Amino acid sequence: MIPLRQEWPAAFAARYREAGYWRGETLGAMLARKAAEGPDRLAVVGGETRWTYADLDAEADRLARGFLASGLVPGERVIVHMPNLASFVAVVFGLFRAGLVPVFALPAHRSAEIGHFAAKAEASAYVIADRHEGFDYRTIAESVTAALPSLRRVFVEGEPGRFAALAELRGKGDGTPLPAGGSASDVALVQLSGGSTGFSKLIPRTHDDYLYSVRQSVEVCGLGPDCVYLVALPAAHNFPMSSPGILGALYAGGTVVLSRSPSPDEALPLIERERATMVALVPPLALVWAEAAARTRHDLSSLRTVQVGGAKLTMEAARRIGPALGARLQQVFGMAEGLVNYTRPGDPEEIVLGTQGRPMSPADEVLVVDDIGVPVADGTPGHLLTRGPYTIRAYHNEPEANRRAFTEDGFYRTGDIVTRRPDGYLVVAGRATDVINRGGEKIAPDEVEDHLRAHPAIHDAVIVGMPDAYLGEKSCAFVVTRETLRAADVKAWVRTRGLAGYKVPDSVVFLAALPATAVGKTSRRELRKALAASLPAPAQSERA
Ligand code: AMP
Ligand code: DBH
């Protein structure tokens with residue numbers, strides 16, 4: 001097993017410790033401390049479950065002992081693939097307590113992605129809930145465990161089928177000792193990159209760096225013990241997990257409320273019932289909520305802050321959100337690799353509507369450079385590079401990708417094109433790479449193209465983003481076939497390959513040949529141009 005590491009050069013680490021950014025506290029210890037400070041405060045609400053801090057702490061402890069009693073060994077990796085349930089929070093803290101490392105998958109992921117993460121992480125266990133939104137996650141467990149014998153354990157919340165029930169684990173470890181403390185410079189968890197080149201890469205985050213990003217987010221966003229944070233996006237995503245998210249709400253001594261689904265039908269009644277004060281959304285969802293709020297009979301007056309991030313929020317959309325939801329808008333431009341930018345609570349409207357915020361930490365180093373790496377003047381678009389106390393220095397076990405993604409002096413190349421204003425705020429202009437951002441869900445074209453090319457009747461395929469008024473971008477597959485296919489056949493093929501639904505091309509265009517660049521590479525640029533010429537203006541675009 002290749003050890004998970006995340007290391008900063010010694011001089012940087014020393015500086016981050018001296019400045020008090022890294023405090024040597026683990027995430028498991030943080031929860032224990034909060035539970036000691038306010039055991040009877042309400043910590044987590046999800047479905048029928050209502051846990052105080054003492055309840056959550058005890059539940060995490062039971063699960064930690066159960067995981068170890070089942071034969072898992074500290075340091076091993078566990079894929080966590082659960083919907084927004086209270087038990088998700090307990091599982092995550094249970095793993096921290098046991099010294100096991102959660103790898104955060106999203107509910108939309110299917111067997112192809114889970115197989116890839118499990119192999120890359122050399123995972124030993126897989127935690128799922130039986131069903132969610134009509135899909136049976138035990139089918140993924142079947143196929144992935146068959147392909148990967150090293151994935152020895154599957155734990156299921158709900159009906160376990162032939163696997164082990166999470167509920168059983170709870171009583172199993174009585175008397176099993178927990179490992180002493182663990183070091184805060186160890187890797188605490190693994191987030192997944194959006195996949196700018198091919199498959200997602202693993203992002204190991206340490207206790208020290210992740211907890212600093214949470215603490216600084218709490219500070220910048222002004223969270224206190226009265227905060228009631230509603231989780232509407234998938235809980236495992238870096239945004240609702242840490243910016244300030246679930247961990248921030250718990251750090252502040254507040255309450256985390258989990259909504260099973262991001263739909264306003266489910267979330268708006270929860271806001272009323274639990275008096276939620278804060279929620280994080282991606283832009284397309286924020287627009288759906290804004291419309292629903294105009295018609296709802298639910299009282300949303302408790303809502304103070306609506307965070308929007310994950311993809312570019314256009315000015316027009318930004319204008320609608322605050323008034324419609326009766327809350328303050330906060331733009332959040334972040335990445336699972338680290339750097340998070342926020343607009344601040346007191347910022348003027350011009351900044352909140354027109355920028356994606358500024359770095360949250362005084363120790364975030366930001367460079368905006370041209371194609372050859374020379375810094376550009378403020379106001380000029382360029383590539384965003386960053387380095388700091390919570391931005392990773394390397395992906396796990398990806399020597400080649402690491403050479404591309406990091407500069408020699410340790411700056412992460414975000415792949416984003418931004419302009420920096422003289423006041424330090426950033427405006428995102430787009431992406432330098434080919435990743436398609438479908439309403440916050442990132443699609444790496446080459447991954448899906450490979451699956452298309454695996455179809456016996458498909459000769460070649462290229463996927464590019466096309467502007468979409470609602471999602472920001474959708475995907476269009478250009479396909480060269482050997483025999484006649486229908487668009488529906490191509491989409492169905494992608495589904496049968498076990499890929500997440502959002503990766504199924506929204507449109508399919510059949511071509512006799514793909515356009516090529518001067519050296520014979522397929523020209524995505526030409527295809528984008530062709531799309532732009534054939535599409536109506538983005539505002540009216542209605543392709544499905
Ligand atoms: P991920 O790799 O999935 O962590 O996604 C991070 C990427 O999402 C960033 O590098 C940006 O491209 C994009 N992103 C996140 N927040 C915003 C935002 N507020 N505006 C524009 N793009 C964003
Ligand atoms: O898109 C993201 O990855 C993201 C957006 C907002 C993120 O990781 C974050 C905040 O922490």
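**Figure 1. Polar contacts of Lys442 and other residues with ligand 1**. A polar side-chain atom of Lys442 lies 3.3 Å from an oxygen atom of ligand 1. Val332 approaches through its backbone: one of its N or O atoms is 2.8 Å from a nitrogen atom of the ligand. A polar backbone atom of Lys312 lies 3.5 Å from a nitrogen atom of ligand 1. Taken alone, ligand 1 exposes 500 Å², and the protein buries 92% of that. Accessible areas come from the Shrake-Rupley method with a 1.4 Å probe; for residues, only the protein chains shown count as cover. This is a predicted model, in which local features need pLDDT of at least 70 and side-chain atom pairs count only at pLDDT 80 or more, while totals for chains, interfaces and linings use all residues. Residues are numbered from 1 along each chain as its sequence is written, chains are lettered from A and ligands numbered from 1 in the order in which they are written, and side-chain values use heavy atoms, with hydrogens and water left out. Polar contacts are pairs of N or O atoms within 3.5 Å; within protein, one must be able to donate a hydrogen and the other to accept it, and residues adjacent in sequence count only if both atoms are side-chain atoms.

**Figure 2. The shell around ligand 1**. There are 16 residues around the ligand, and Gly194, Gly310, Val332, Ala336 and Asp416 come nearest. A residue belongs here if one of its heavy atoms lies within 4 Å of the ligand. Strands β16 and β22 each supply at least two residues. β16 has the largest share, with four residues. By class, the shell holds six nonpolar, five polar and five charged residues. Here Ala, Val, Leu, Ile, Met, Phe, Trp, Tyr, Cys and Pro count as nonpolar, Asp, Glu, Lys and Arg as charged, and the others, Gly among them, as polar. Helices (H or I, at least four residues) and strands (E, at least two) are DSSP runs, numbered from the N terminus.

**Figure 3. Surroundings of ligand 2**. His237, Asn238, Phe239, Ser243, Gly310, Val332, Gly334, Met335, Ala336, Val340 and Lys442 surround the ligand. From Ala336, a backbone N or O atom lies 3.4 Å from an oxygen atom of ligand 2. The protein covers 94% of the 290 Å² of accessible area that ligand 2 has on its own. α9 (238–242) and β16 (328–335) each supply at least two residues of this shell. β16 gives the most, with three residues. The shell has five nonpolar, five polar and one charged residues.

**Figure 4. The salt bridge between Arg421 and Glu350**. The closest N and O atoms of this pair are 2.5 Å apart. Arg421 sits in the loop between β21 (412–420) and β22 (426–431), and Glu350 in helix α14 (residues 349–354), so the pair ties together parts that are 71 residues apart in sequence. Arg421 is buried, at 18% relative accessibility. Glu350 is partly exposed, with a relative accessible area of 47%. Buried means under 20% relative accessible area, exposed over 50%, and partly exposed in between (1.4 Å probe, protein chains only). A salt bridge is a side-chain nitrogen of Lys or Arg within 4 Å of a carboxyl oxygen of Asp or Glu. The whole structure has 39 of them.

**Figure 5. The salt bridge between Arg138 and Asp136**. Their closest N and O atoms are 2.9 Å apart. Arg138 is buried, with a relative accessible area of 16%. Asp136 is buried too, at 18%.

Figure 6. Lys503 lies in the loop between α17 (487–496) and β27 (507–510), and Glu447 in helix α16 (residues 445–453); the pair links distant parts of the chain, 56 residues apart. Both Lys503 and Glu447 are buried. Asp450 belongs to helix α16. A polar contact of 3.1 Å joins the side chains of Asp450 and Arg453.

**Figure 7. Strand β8 and its partners**. Four of the five residues of β8 (residues 153–157) are buried, so this strand is largely enclosed by the rest of the structure. β8 pairs with strand β5 (residues 125–129) in the parallel sense over five bridges. Ala125 has Arg153 of β8 as its bridge partner. β8 also pairs with strand β9 (residues 164–165), in the parallel sense over two bridges. Here the bridge partner of Val156 is Ala165, in β9. Two strands pair if DSSP finds at least two bridges between them.
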